[in-house]
Amino acid sequence: MNLLTVFLQQAGGGDYSFLIMMVAIFAIMYFFMIRPQNKKQKEIANFRKNLEVGQSVITAGGIYGKIKEIEDNAVIVEIASGVKIKVDKNSIYADAQATQTK
């Protein structure tokens, strides 16, 4: 028996339990997987939009540093005394240790 035959038998019998189960599975996936991921992406985008000079950050490569300059699509990060690197804004994340100590 293929899946189409099973679905047609369910639909023809007037039993809506299969449809209800599929809706329930989609709802569970939405509330436990899709919605939290979208919320996290919005938080990261908001963080990158509100970057400030002097803020501690982490690059996508795992380099810790402080923001020295902000350009349109890039950020100058000081990773050591006198050592500055230019990093794309999309690879900047919040430093969790710095936010916990405040």
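Is Ala45 buried, partly exposed or exposed? Ala45 is partly exposed, as its relative accessible area is 45%. The legends below refer to a predicted model.

**Figure 1. Overall fold of the predicted model.** Three helices and five strands make up the protein. Read from the N terminus, the order of elements is α-α-β-β-β-β-β-α. The protein has 102 residues, and 18% of them count as buried. Its accessible surface is about 8,000 Å², with 59% belonging to carbon and sulfur atoms. Taking contacts between residues at least 6 apart in sequence, 31% join residues at least 24 apart.

**Figure 2. The aromatic pair Tyr30 and Phe31.** The protein has one aromatic pair. Tyr30 and Phe31 form this pair, with ring centres 5.1 Å apart and 80° between the planes. The arrangement is edge-to-face, because an angle over 60 degrees places a pair in that class. Tyr30 is partly exposed at 34% relative accessibility. Phe31, at 48% relative accessibility, also counts as partly exposed.

**Figure 3. Helix α2 and Tyr93.** Ala45 belongs to helix α2, which spans residues 17–49. Along the chain, Ala45 and Tyr93 are 48 residues apart, and 9.7 Å separates their C-alpha atoms. Tyr93 also takes part in a contact with a charged side chain: the charged end of Arg48 sits over the Tyr93 ring, 4.8 Å from the ring centre.

**Figure 4. Thr59 in strand β1.** Strand β1 covers residues 56–59 and contains Thr59. The relative accessible area of Thr59 is 7%, so this residue is buried, the limit being 20%. Apart from residues up to four places away in sequence, Thr59 touches Val87, Ser91, Ile92 and Tyr93. For Thr59 and Tyr93, which are 34 residues apart along the chain, the C-alpha separation is 6.1 Å.

Figure 5. Ser91 has 19% relative accessibility and counts as buried, because the class takes values under 20%. A polar atom of the Ser91 side chain lies 2.9 Å from the backbone oxygen of Asp88. Neighbours within four places in sequence aside, Ser91 is in contact with Arg48, Ile58, Thr59 and Ala60. Arg48 is the residue whose charged end sits over the ring of Tyr93.

**Figure 6. The largest nonpolar core and Val87.** Eight residues form the largest nonpolar core: Phe47, Leu51, Val57, Ile67, Val75, Val77, Val87 and Ile92. Val87 contacts Thr59, Ala74, Val75, Val77 and Ile92, neighbours within four places in sequence being left aside. Val75, Val77 and Ile92 are among the core residues. Thr59, which is buried at 7% relative accessible area, touches both Val87 and Ile92.

How values were computed:
Residues are numbered from 1 along each chain as its sequence is written. This is a predicted model: local features need pLDDT of at least 70, side-chain atom pairs count only at pLDDT 80 or more; totals for chains, interfaces and linings use all residues. Side-chain values use heavy atoms; hydrogens and water are left out. Rings of Phe, Tyr and Trp (its six-membered ring) pair if their centres lie within 6.5 Å; planes under 30 degrees apart count as stacked, over 60 as edge-to-face and the rest as tilted. Buried means under 20% relative accessible area, exposed over 50%, partly exposed in between (1.4 Å probe, protein chains only). A charge sits over a ring if NZ of Lys or CZ of Arg is within 6 Å of the ring centre and within 35 degrees of the ring normal. A polar contact is a pair of N or O atoms within 3.5 Å; within protein, one must be able to donate a hydrogen and the other to accept it, and residues adjacent in sequence count only if both atoms are side-chain atoms. Contact means heavy atoms within 4.5 Å. A nonpolar core is a set of buried Ala, Val, Leu, Ile, Met, Phe, Trp, Tyr and Cys residues joined through side-chain atoms within 4.5 Å. Helices (H or I, at least four residues) and strands (E, at least two) are DSSP runs, numbered from the N terminus. Accessible areas come from the Shrake-Rupley method with a 1.4 Å probe; for residues, only the protein chains shown count as cover.
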